[in-house]
Amino acid sequence: MLPEVLKQNDTAAALEAWDSSAILGGSFDLGEAMLWVDPSRIVDICRQLKEEHRFTRLSGVTVIDRHPMEPRFEVLYLLHSIERNERLKLKAALGGASPEIESVCGVWRGADWFEREAFDLFGVRFLNHPDLRRIMMPDNWEGHPLRRDFPTHGHKYSYQNE
Amino acid sequence: MSEIELNTNAATLESEGEPEAGTTRRMTLNMGPQHPSTHGVLRIILELDGETIVSASPDIGFLHTGIEKQAEALTYQQVVTLTDRMDYLSNLANNLAYCLPVEKLLQLEIPARAQWVRVMLTEISRINSHLVWLGTHCLDLGAMTMFFYTFREREDILRIFEFFSGQRLMTSYIRVGGLALEPPRGWHKLVSGFIRQLPAKIDQYEGLLTENPIFMQRTKGVGFLPVERLLDLGVTGPMIRAAGIPWDIRKSEPYSSYEKFDFNIPVQQAGDVYARFRVRMDEMRESIKIVEQCLAGMPEGPIRADAPKVVLPDREKMKTQMEALIYHFKIVTEGFRVPAGEAYVPVESPRGELGFYVVSDGTSKPARVFMRTPSYGNLQALSELFEGKLISDSIATLGSMDFVLGDVDR
């Protein structure tokens, strides 16, 4: 269900009319539109936004860790349309046990490295990603450093066996 | 960082022995991470068929220092110093891009003078970044003189930064709530003296390059990719404008009072290395126009927002007023609290869309700072730009992408 403020937003209203079950909620804070979407429908929603609403750019994909709250992870998609000069944020909530979501690489090729980074640093698996490997950390690194329960200091790592 | 199987460290042949007639042997070539033309520590694994690149896979992460993780352990104002260390050629653009979303969350109103000084200095840092790009790009192409010319001008710019902030590179001059210091006495003369002689210098560079047949042969028609592919791959900034799309965040989503300035968006249609060169040269001229407007119409007034809970008080007030002393103590010891919320403000850095997604949980430290850096998006296009092209053209293409590895790896 969309809150009242977002019904004024053309994109949000059109998306709600397209499939109301895919949109779980939203907000309009500080002039930025944000929609909560069903994680299992993420590829459909993104394709619809790209093809019907001209969101030709994906600015970035990242994860926000709400540890110790559940659902713990919020996967954030920053969408942008140059033609309409409009930005939209999509969020999908994932549980902490085994966070998995479908990759949007098939919609925007540029999602590739952003999803790899989110996988590397948060441990969120992007299903059907063409090349889901660590991108920043060494291959034999254990853990996912941007998680809130990963210590900032004191982690020991030996670079000898690379 | 990742491991890709290489037969040895150096170039090796994939199969031993004589090839069968009609087949070719492919070679895997490891380029970087210490190759001078990779502009930092980028490693590219090239698969070659003779002189032609069959596939190129970039390997990044050598400069990863976990800035996003460190940001969560520092107070909001301290994070400004980390942003300097990402894109070390346009530090002020990073400072600005970080301060804008935090100020949005705090709902601060920044005084006009501070906004204009921000615009002026980010434009000077755009010139700085483009000068370094021009020098190193031409150095890669074998034109060594240009490097000395552009670094001569860059030295003047670094002196300006030092004059304003006390630092040549890690300026941290733009702070949450305004500026770090009042612009020092004599700044107007210094900046106008530099800006006045710069157009002639750019004419000089263009005289050496724009019609130069060797330069044109090395760059025209090289490194082309359709603009739809570039957008799909996440490329932003001059590379998009060189391919015919007049998209500039300073115009489309103005921030820090850019709407008050009169400037054009340079656009080229060809989308090759030469078009990117032309766009960046024209951008330097547009930046000069903006700086001139700043010099002519710089407003008077305060340089920090009127927000005693966020901005440090004057030393004088601190010694005479009790409230000022209390605020000073609170801000220095625990930092200011930012209302819970999330904000993203993109800015047009010299390389493209730079934006910080700041998540606040109501405390004095950010809960998450996501750095959407332009170099990271732009570098994704590398594989497609390289594939099927000659290895000698790859150097020109790489230079025209103008990425900074500190910005990629963070």
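**Note on chain B: sheet, helices and the side facing chain A**

1. Strands S7, S8 and S9 of chain B form an open sheet of 3 strands in the order S7-S8-S9, with antiparallel pairing. Its edge strands are S7 and S9 of chain B, each pairing on one side only. Two strands pair if DSSP finds at least two bridges between them. Strands (E, at least two residues) and helices (H or I, at least four) are DSSP runs, numbered from the N terminus.

2. The model is predicted: local features need pLDDT of at least 70, side-chain atom pairs count only at pLDDT 80 or more, and totals for chains, interfaces and linings use all residues. Residues are numbered from 1 along each chain as its sequence is written, while chains are lettered from A and ligands numbered from 1 in the order in which they are written.

3. S8(B) and S9(B) run antiparallel and are joined by 5 bridges. Val358(B) has Val369(B) in S9(B) as its bridge partner.

4. Helix H3 (residues 91–106) of chain B lies across S7 and S8 of chain B, at about 150 degrees to S7(B). Axes are lines fitted to C-alpha atoms, for helices over the stretch in contact, and angles run from 0 to 180 degrees between N-to-C directions.

5. The axes of H3(B) and helix H4 (residues 112–140) of chain B come within 7 Å and cross at roughly 140 degrees. H3(B) and H4(B) are therefore oblique to each other; angles under 35 degrees count as roughly parallel, over 145 as roughly antiparallel, 65 to 115 as roughly perpendicular and the rest as oblique. On H3(B) the contact is made by Asn91(B), Leu92(B), Ala93(B) and Leu96(B), and on H4(B) by Arg118(B), Leu121(B), Thr122(B) and Ser125(B).

6. Between the chains, 32 residues of chain B are in contact with 28 residues of chain A; contact requires C-beta atoms, placed from the backbone, within 7 Å. Elements of chain B that each supply at least two residues to this side include S7 (341–349), S9 (368–372) and helix H14 (374–379). S8(B) gives the most, with 4 residues.

7. On confidence, chain B averages a pLDDT of 87, and 93% of the residues score at least 70; pLDDT is the predictor's confidence in each residue, from 0 to 100. Over residues 6–15 of chain B the pLDDT is below 50. Where pLDDT is low, the predicted coordinates should not be read in detail. For the complex, the predictor gives an ipTM of 0.91 and a pTM of 0.89.

How values were computed
Contact = placed C-beta atoms within 7 Å.
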